[in-house]
Amino acid sequence: MSLTIDELGRVLVQWTVGFAFIYGVIWKVAPKLSKIEERYRATFADNLFNIPFLPVLCYTAIVGSASLGASVESRWAETTPESTAFLIMYMSKNIMRSVSSIALGDSKPGIWLIHIHHIVSVICFGSGLILGRLHFFGVLDGVCEVSVIFLNFKLLWRDFALKQNYIYVINLHILAFTWFLTRIILFPIWIFIYLYDTYYYPEISIESVSRMEYFIYPITTLAIWAMSVKWFVPLMKEVKRTWTGNSYGDCNRNSYGNSNGSSNGLKNGKEN
């Protein structure tokens, strides 16, 4: 299934406005939920928004990639309702967060890089929705959002200033495991499948897409993989501190560590 430009525009407006309304309500009530600094209010609201959003997004990514991964034809030229839903939700969330971060004066370091990532995502996934192809590679990338569920829990633990206990430590280990599985391991598998298809089935793969599509997908995936490897190092340092009985630490607010820029990230394992 493919969408015309007009259809895609209408769908994105509907979803983005809906997300913006929900986010606005959360942002409004955020100070009543936690005594968080005003400069972190937008990020805190986004972490709360992610509680129901991320599981739904991950479900569509997992089901979509499982349904489309069986053959080279389905990987490059077919779509499913789940893959379409994932791309629309992902794009709408990115548009909403970029606009809201500018409107609310979100000044966390690295915000410009998040905006660049959002623009590239909209270009990639928007072309996939209009042309009705390459959905598999979009949703397979999206499986990495599973790790963000546990990162989001870690960040909310920090936002509510809760004392770190065994629940925090268990979540931290699950975060490290899912981060390794759905990012450090998954992205090279993504690249292997992509190159395998283009080498053995060029008429179905590389010859059926534009040069822009052919290059921007793997370049984006490699960039996310490199950043994921970088962020995995401080994450594992924090995990190891729990093994030695040292203080656990928190995520640093001055970096970010997920694929869609929806949460702050991992650096030195300590709070500023």
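Colleague: What should I know about the model before we start?

Modeller: It's a predicted model, so local features need pLDDT of at least 70 and side-chain atom pairs count only at pLDDT 80 or more, while totals for chains, interfaces and linings use all residues. Residues are numbered from 1 along each chain as its sequence is written, and side-chain values use heavy atoms, with hydrogens and water left out.

Colleague: How many helices and strands does the protein chain have, and what makes a run count as one?

Modeller: There are 9 helices and 0 strands. Helices are DSSP runs of H or I with at least four residues, strands are runs of E with at least two, and the numbering goes from the N terminus. Read from that end, the order is α-α-α-α-α-α-α-α-α.

Colleague: Why is A176 called buried?

Modeller: A176 has a relative accessible area of 7%. Buried means under 20%, exposed means over 50%, and partly exposed is in between (1.4 Å probe, protein chains only). So A176 is buried. Across the protein chain, 55% of the 272 residues get that label.

Colleague: What does A176 touch, leaving aside its neighbours within four places in sequence?

Modeller: A176, which lies in helix α8, is in contact with F232, L235, M236 and V239. Contact here means heavy atoms within 4.5 Å. A176 and F232 are 56 residues apart in sequence, yet their C-alpha atoms are 7.6 Å apart in space. For the protein chain, among contacts between residues at least 6 apart in sequence, 77% join residues at least 24 apart.

Colleague: How do you know whether S98 is buried or exposed?

Modeller: Its relative accessible area is 13%, so S98 is buried. S98 is found in helix α4, residues 81-103, and apart from neighbours within four places in sequence it is in contact with H115 and H118. A85 is found in helix α4 too, but A85 comes out at 25% and is therefore partly exposed.

Colleague: What makes R97 and D46 a salt bridge?

Modeller: The closest N and O atoms are 3.3 Å apart. The rule asks for a side-chain nitrogen of Lys or Arg within 4 Å of a carboxyl oxygen of Asp or Glu, so the label follows. R97 lies in helix α4 and D46 in helix α2 (residues 41-68), so the pair ties together parts that are 51 residues apart in sequence. Both R97 and D46 are buried.

Colleague: Which other pair ties together separate helices?

Modeller: K154 and E238, whose side chains meet in a salt bridge at 2.8 Å, N to O. K154 lies in helix α7 and E238 in helix α9, so this pair ties together parts 84 residues apart in sequence. K154 is buried at 2%, and E238 counts as buried at 1%. As for networks, salt bridges that share partners join D46, K93 and R97 into one. The structure holds 8 salt bridges.

Colleague: Why can such side chains pair at all?

Modeller: Side chains of opposite charge can pair when their charged atoms come close.

Colleague: What gathers in the patch of negative charge on the surface?

Modeller: E73, E78, E203 and E207. Asp and Glu count as negative and Lys and Arg as positive, with His and the chain ends not counted. A patch takes residues with over 30% relative accessible area and no salt bridge, joining like charges within 9 Å and nonpolar side chains (Val, Leu, Ile, Met, Phe, Trp, Tyr) within 5 Å. The place of a charge is NZ of Lys, CZ of Arg, CG of Asp or CD of Glu. E203 has 48%, so it is partly exposed, and its place is in the loop between α8 (166-200) and α9 (211-244).

Colleague: Which residues form the nonpolar patch?

Modeller: F21, I22, V25, V29, L33, F160 and L162, with about 620 Å² of accessible area together. That area comes from the Shrake-Rupley method with a 1.4 Å probe, and for residues only the protein chains shown count as cover. L162 is partly exposed at 44% and sits in the loop between α7 (145-159) and α8.
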